[in-house]
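Open your viewer and get your selection tool ready. We will take a few stops together, one selection at a time.

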Amino acid sequence: MSQTCFHCGQPVPPGVDFPIQDRDTQHAACCAGCQAVAQTILDSGLGDYYRHRTAEARQADPLPDELLARLRLYDTPALQASFVRDEGGDVREAALMLEGITCAACVWLNERHLRGLPGVLSVDINYTSHRARVRWDNSRIALSAILESIAAIGYQAHPYDAERQEKLAQQERKQAINRLWVAGLSMMQVMMYAVPIYLAPDGEIDPQWLWLLHWASFILTLPVVVYSAVPFYRATWRDLKSRRVGMDTPVTIGILTAFFASLWALLNHIDHGVYFDSVSMFVFLLLGGRYLEGIARRKAGAAAESLVKLTPAFCHRLPDWPASQDSEEAVAALLNVGDVVRVHAGESFPADGEVLAGHSSVNESLLTGESRPLPRAPGGVVIAGSINLDSPLTVRVSQVGPNTRLAGVVRLLDQALAEKPRLAKLADRFAGWFVAVLLLAAAASYLGWLAIAPDRALWIMVAVLVVSCPCALSLATPAALTAATGHLAGIGMLTTRGHALETLAKVSDAVFDKTGTLTHGDMRLLQTLPLGALPEAEALALARGMEAHAHHPIARAFAAAEHASAPAPALDEVSYQAGCGLQAQVAGHTWRLGKPDYVAALAGPLPAVLAGWRDDATVVALGSAHGWAAAFAIGDALRDDAGALIASLRRHGVRCHILSGDAPGAVAAVAAKLGVDSAEGGLLPEDKLARVAAWQAAGRRVLMLGDGVNDAPVLARADVSVAMGGGADVARMSGDMVLVNDQLQRLDDAVLLARRTLSVIRQNLWWAAGYNLVALPLAISGHLTPWLASLGMACSSLLVVSNALRLVRRG
């Protein structure tokens, strides 16, 4: 008997001797490549790979010198610039695409193997997209060594290429559609022959035509069994080799049993034993259900893939700006910090940068979920992947490649999709028990009916195998979670931990930081109070002109004021008195801008209207010897949607609290405006942590929203945490979710979607339980034929998957 290769499963050619030594056991290999790969895996202490894998590896070739030389080229800084992120010091992170991944054991093997290399800090591989993120210490190990170690165990790694990944995905989809098309065409034709047989009274169809219909059904069902159903056979074979039963095991047994029993009945002219129509219908409907599940996964995964594809391949670089406006075509991946590029209307920005010249608006909706065009002028910031809408902009590059904000968002989303939620793990565990019990029930029904009615025993067993529906456990639960994750990513809420959605649906209390979270976190012009000496527009123009000579936060508030104003007048002899304000000469008259007491020394007694005006803000006054002109309230403004968010959460039964390190008076003023349940100011990070811990000890589920370094500990402690996208890096790393666009209302949308997701999962589980409680007894008692059982199972699968797909829709 011919041997098969221990590594790839291919036949070992006669006379070939490439032994693989596994402790005291020797295995055969088909070539030197498979021998080297398998021996490397075993010698590294990773032999469990061969026990856990569910698909054979590809045949491995020895590493040629040309490949090794090519891998070493990846150590050059110029080549790494496009896909390696420098985290400071010697720490690097690369986004890689792995080829050869066929099952979860491949992911396990690569992660374990790479983590054992000295200098590799972390490895995360997304099984869905086969994208790997590897962090390493560049002083201890080179990237080429990491790539060589991956090649040494039979896989290929190269910089992530979205176009190449899409081609592989298209090939898989094309094959799935072809299998579905063959099964569907066969099912329609076979049903055309089967329906007259079912409907016609006994003896009405002449026997020669009856058996001709049966033989035609057999011929049309053959492609379904040998081609369309192959994925079920492969999955079952992988499961059996790993000594477990999976969801496809009863499917394969049912298909093959029904087909060969029908063939046996056909050859022996047993009229009521031919069920080729059931085989073709069963395969078609199950493939259709799984294809729909694939659509749900692609829609969720598209949130990450669409972000990867946002950055253009080429751009217009201005090598001699500002001396020359001439541009040259350049590769976006090779841009450096400090380069100047021109982005025309309709084009995407190739990197993060600062606008140097031009006025336009940009669309950041694919990245942040913000659908409104955002204005950009000199000094404004643009992000890689956003689209320039109106007119050309000249931009100086500030971040490139893996350091851009877009790349950071993709990393977070990859992290979320790579982590399997608790519900999905629980569902998989129950599905395994369910299938085992199902196989026992099928065997018991066969033995029982063999004693009662031997001619019906086989078909009743097939009906029992076919009618079961473990899909709600192993299919619809992760489909619902993945669809919801993709939906949230599309509106600017990234899920970075697998448990976040499940926990978010159960929160009872929401805790908010104030500065930078409920407020914008910077000084803004809140209100202008005209006092008579100048019209409001002229007073604001004069104040902005005077503050242009200062550099404190209040000056920036005037510079960023969006209120329309007249042109600033000519100023002379501008001077600044620390702690008081500014003084300037305007058309021969002295003006002061600053604290009211400072201005009063020139303009006269304080107007009565200023007494107690805007206690929640810093008041800046403007006046001259001719009187008071205006007063300006400067402060940290509430975000426009903060009030709506608090009101919505409270309507949905979530208690809202503010825990802040700001002055208690300022916190109380914000709390009064928003109507929160409780608020405390002047807190240290450990104080916030203690409050949250106390609520958790009382049985509450706490959601925390924050943005600063001081929020990181409490973000990590909360049951589920959301970090503001514009906040500190450490806060984003501590958060289970990231609010990319800083739109607070999205948090309420996320809570509602999380609750809908759990509701959909519960609906699917209840439906699966109810369906099986009804369908299995009917099948065991002989009231369901195999074709009816396959129809019921497929409809059940389609129902739960379609129910999960509802979560993809917005609104």
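A residue is called buried under 20% relative accessible area, exposed over 50% and partly exposed in between, using a 1.4 Å probe and protein chains only. This is a predicted model, where local features need pLDDT of at least 70, side-chain atom pairs count only at pLDDT 80 or more, and totals for chains, interfaces and linings use all residues. Residues are numbered from 1 along each chain as its sequence is written, and side-chain values use heavy atoms, with hydrogens and water left out.

Start with threonine 221, in helix 8 (residues 207–228); helices here are DSSP runs of H or I with at least four residues, numbered from the N terminus. Threonine 221 is buried, at 0% relative accessible area. Now show its contacts (heavy atoms within 4.5 Å). Beyond neighbours within four places in sequence, threonine 221 touches Ser186, Val190, Phe259, Phe276, Val279 and Ser280.

Next, select helix 10 (residues 248–267) and helix 15 (residues 454–467), which pack at about 150 degrees with axes 8 Å apart. Helix 10 is therefore roughly antiparallel to helix 15, a label for angles over 145 degrees. To see the contact, pick Pro250, Ile253, Gly254, Thr257, Ala258, Ala261 and Ser262 on helix 10, then Leu458, Trp459, Met461, Val462, Leu465 and Val466 on helix 15.

Last, select two cysteines. Cysteine 5 is buried at 4% relative accessible area, and cysteine 315 is buried at 6%. How many disulfides are there? The count is zero, taking a disulfide as a pair of cysteine sulfur atoms within 2.5 Å.

How values were computed: Axes are lines fitted to C-alpha atoms, for helices over the stretch in contact, and angles run from 0 to 180 degrees between N-to-C directions. Helices (H or I, at least four residues) and strands (E, at least two) are DSSP runs, numbered from the N terminus. Angles under 35 degrees count as roughly parallel, over 145 as roughly antiparallel, 65 to 115 as roughly perpendicular and the rest as oblique.
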